[in-house]
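User: I'm new to this one. Can you walk me through it?

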Amino acid sequence: MSLPAVWRTRKQRYSLVGEVCSKCGAKIFPPRDLCPECSKPAQTPYSFSGRGVVYSFAVVYQASEEFEEYVPYTVAMVKLEEGPMVTAQLTDVDPEEVRIGMPVEMVTRKLYEEGERGVIHYGYKFRPCVG
Amino acid sequence: MRKREVAIIGVGQTKVGEHWDKSIRQLAAEAILSAIKDAKIERVDILYVGNALSGELALQEHLGAAIADFAGLRTVEAYKVEAAGASGAAALRLGYLAVAGGLADFVLVCGVEKVTDAPTERVNSALSLGIDGEYERELGLSFIALNALIMRRYMHEYGYELKDFAGFSVNSHKNAAHNPYAMFRNPITEKAFVEARMVVEPINLLDSSPVADGAAAVVLCPVDMAKDFQAKPVRIASSAAATDTLALHDRKDPLFLEAAYLSARRAYEVAGIKPEDVDLFELYDSFAIMAALSLEAAGFAERGQGVKLAMEGQISLDGRIPVSTMGGLKARGNPLGATGVYQVVEAVLQLRHEAGQNQVKDAHWALVQSIGGVGGTVVTHVLEGPD
């Protein structure tokens with residue numbers, strides 16, 4: 001993602017900030033400005049708790065260029081407790097221990113680097129709930 | 001104003017593979033000239049070029065003009081049409097609309113992709129330009145990874161193992177053996193499928209369709225004029241398309257291809273047929289899981305049962321619903337933006353009864369469907385044979 005896009009979406013990727021629809025109350029992540037439930041404008045910021053459950057997962061052995069140095073790594077679809085689903089990497093867990101239905105929580109981690117001297121991209125990953 | 005019936009009166013295709021000696025323009029011209037010769041037309045009113053990644057991989061945009069110029073169609077209006085994997089089919093849809101709407105008589109649709117000028121890593125990364133850049137790709141997801149997520153959940157919900165999916169690739173390779181344009185004509189076994197190296201688990205190397213160079217083209221004209229040019233014109237009985245959320249995580253049901261369902265339903269309705277009337281289905285087998293979900297969305301199997309059609313051999317040339325009759329994406333190959341047009345060319349050959357050893361008996365109705373991304377755009381056509 002380009003640097004301006006990284007900057008634009010920082011609140012989403014560092015803090016899981018989405019939107020809540022003031023008309024129907026639906027929680028929206030990622031933010032999209034029009035409520036997917038009732039189609040009304042929805043631009044009120046909402047901070048998600050970061051807690052969710054694994055809906056599906058997959059182990060990446062071959063990745064896009066910027067992620068190649070990190071393989072193998074695990075990706076998952078996580079259903080957040082407020083409703084929306086997000087896609088992210090899992091971290092602090094062995095692939096063999098991942099289960100569909102596992103409770104997880106959001107952490108902010110390094111995603112990749114643009115070369116040795118380039119920008120470091122950070123974003124959300126999910127780890128098994130501690131405690 | 002009534003819409004006109006549209007016929008396909010000419011087809012052309014190149015081999016799918018690594019064409020080091022041909023540029024994107026040369027590939028397109030080869031298919032175009034072949035289709036024009038088959039149709040015996042002397043004039044082209046509009047050229048639609050289906051292509052997914054020419055800017056990124058062939059370093060050439062403005063493809064409509066580039067190809068019109070190179071293929072002897074200077075001054076003809078021409079456009080590149082892009083919808084990720086559904087680009088070729090989308091180009092056909094726009095060509096269909098132009099003829100059906102009475103605004104053009106002879107329309108040329110060419111799908112073309114040139115990937116081998118770019119290094120493999122760039123090709124693999126570029127495939128992920130069709131997924132959500134901000135909320136899928138940036139977080140470490142690729143096009144294959146999203147398909148793997150769908151497959152894993154599907155296996156979990158319906159109780160399938162990896163070997164249950166082998167039938168799709170085995171069938172595709174078997175059919176490609178008799179298709180001289182196919183990229184991979186070697187047979188594969190279920191054993192080889194199960195033991196293949198993982199790419200993004202549970203998707204392995206023998207489950208992933210190969211991306212390569214290729215070009216295919218068709219010529220359209222009104223049905224009323226068709227017999228002047230082609231003894232066996234194939235009618236486009238219907239053409240429909242739909243989108244779904246770009247990101248997989250935004251889907252109402254990630255295991256349901258809603259855009260495939262909607263476009264197929266509309267296509268059946270306009271053509272006046274039902275799934276049981278379909279003689280062959282050129283579905284979008286980018287991966288076995290997509291083939292299974294396509295069969296379900298198009299009404300050939302209940303939810304979660306699409307895989308059983310492959311397990312029971314129902315997808316073979318003499319099965320209940322033959323798929324990938326010339327090798328599909330898996331074995332004929334997947335030249336991205338060109339693939340949708342290859343599917344149509346192959347269906348036309350079947351309906352003309354010119355499919356040789358791969359001929360589906362008494363083929364009269366063909367369903368052809370292309371998927372962009374993981375279902376973000378789906379374009380469906382129903383074709384009717386001349387007899």
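User: Which strand does β1 of chain A pair with over 2 bridges, and in what sense?
Analyst: This is a predicted model. In it, β1 of chain A, residues 17-20, pairs with β2(A). The sense is antiparallel, over 2 bridges.

User: Which residue is the bridge partner of A:Glu19?
Analyst: A:Ile28 is, in β2(A).

User: What is the strand order in that sheet of chain A?
Analyst: The order is β2-β1-β3. These 3 strands form an open sheet with antiparallel pairing.

User: Which strands stand at the edges?
Analyst: β2 (27-28) and β3 (44-47) of chain A do. Each has a single partner strand, so one side of each is left without a neighbour in the sheet.

User: Zooming out. How many helices and strands does chain A have?
Analyst: Chain A has 2 helices and 8 strands. From the N terminus, the order is α-α-β-β-β-β-β-β-β-β.

User: What about domains: where are the bounds in chain A?
Analyst: Domain 1 covers 1-48 and domain 2 covers 49-131. Their centres, taken over C-alpha atoms, are separated by 20 Å.

User: How many residues are in contact between the two domains of chain A?
Analyst: On the domain 1 side, 10 residues are in contact with 14 residues of domain 2.

User: Which elements supply the domain 1 side?
Analyst: In chain A, α1 (3-8), α2 (10-15) and β2 each supply at least two residues of the side that touches domain 2. By class, that side of domain 1 has 7 nonpolar, 1 polar and 2 charged residues.

User: New topic: chain B. How many of its residues are in contact with chain A?
Analyst: 25 residues of chain B are in contact with 27 residues of chain A.

User: Which elements of chain B are on that side?
Analyst: α5 (120-127), α6 (143-158) and β5 (198-201) of chain B each supply at least two residues there. The largest share comes from α6(B), with 6 residues.

User: And how does the chain B side divide by class?
Analyst: The side of chain B that touches chain A has 10 nonpolar, 8 polar and 7 charged residues.

User: Back to β5(B). Which strand of chain A does β5(B) pair with?
Analyst: β4 of chain A, residues 51-60. The pairing is antiparallel, over 2 bridges.

User: Which residue stands opposite A:Val60 there?
Analyst: B:Val200, in β5(B).

User: Now A:Glu69. Where is A:Glu69 found?
Analyst: A:Glu69 is in the loop between β4 and β5 (73-80) of chain A.

User: Is A:Glu69 buried or exposed, and why?
Analyst: A:Glu69 is exposed, because 9 other C-beta atoms lie within 10 Å, and a residue counts as exposed at 12 or fewer.

User: How far apart are A:Glu69 and A:Tyr112?
Analyst: In space, C-alpha to C-alpha, they are 9.0 Å apart. In sequence, A:Glu69 and A:Tyr112 are 43 residues apart.

User: What share of the contacts in chain A comes from residues 24 or more positions apart?
Analyst: 48%, among contacts with a separation of 6 or more.

User: Last topic: overall shape. What box do the C-alpha atoms of chain A fill?
Analyst: Roughly 45 × 35 × 25 Å, taken along the principal axes.

User: What radius of gyration does chain A have, against a compact globule?
Analyst: Chain A has 16 Å. A compact globule with 131 residues would have a radius of gyration near 14 Å, which agrees.

User: And what percentage of chain A counts as buried?
Analyst: 33% of the 131 residues of chain A count as buried.

Definitions and conventions
Residues numbered from 1 in each chain as written. Chains lettered and ligands numbered in written order. Predicted model: local features only at pLDDT ≥ 70, side-chain atom pairs only at ≥ 80, totals over all residues. Pairing = 2+ DSSP bridges. Helix = DSSP H or I, 4+ residues; strand = E, 2+ residues; numbered from the N terminus. Domains from an automatic or database assignment. Contact = placed C-beta atoms within 7 Å. Nonpolar A, V, L, I, M, F, W, Y, C, P; charged D, E, K, R; others polar. Buried ≥ 20, exposed ≤ 12 C-beta atoms within 10 Å, placed from the backbone. Rg over C-alpha atoms; globule rule 2.2 N^0.38 Å.
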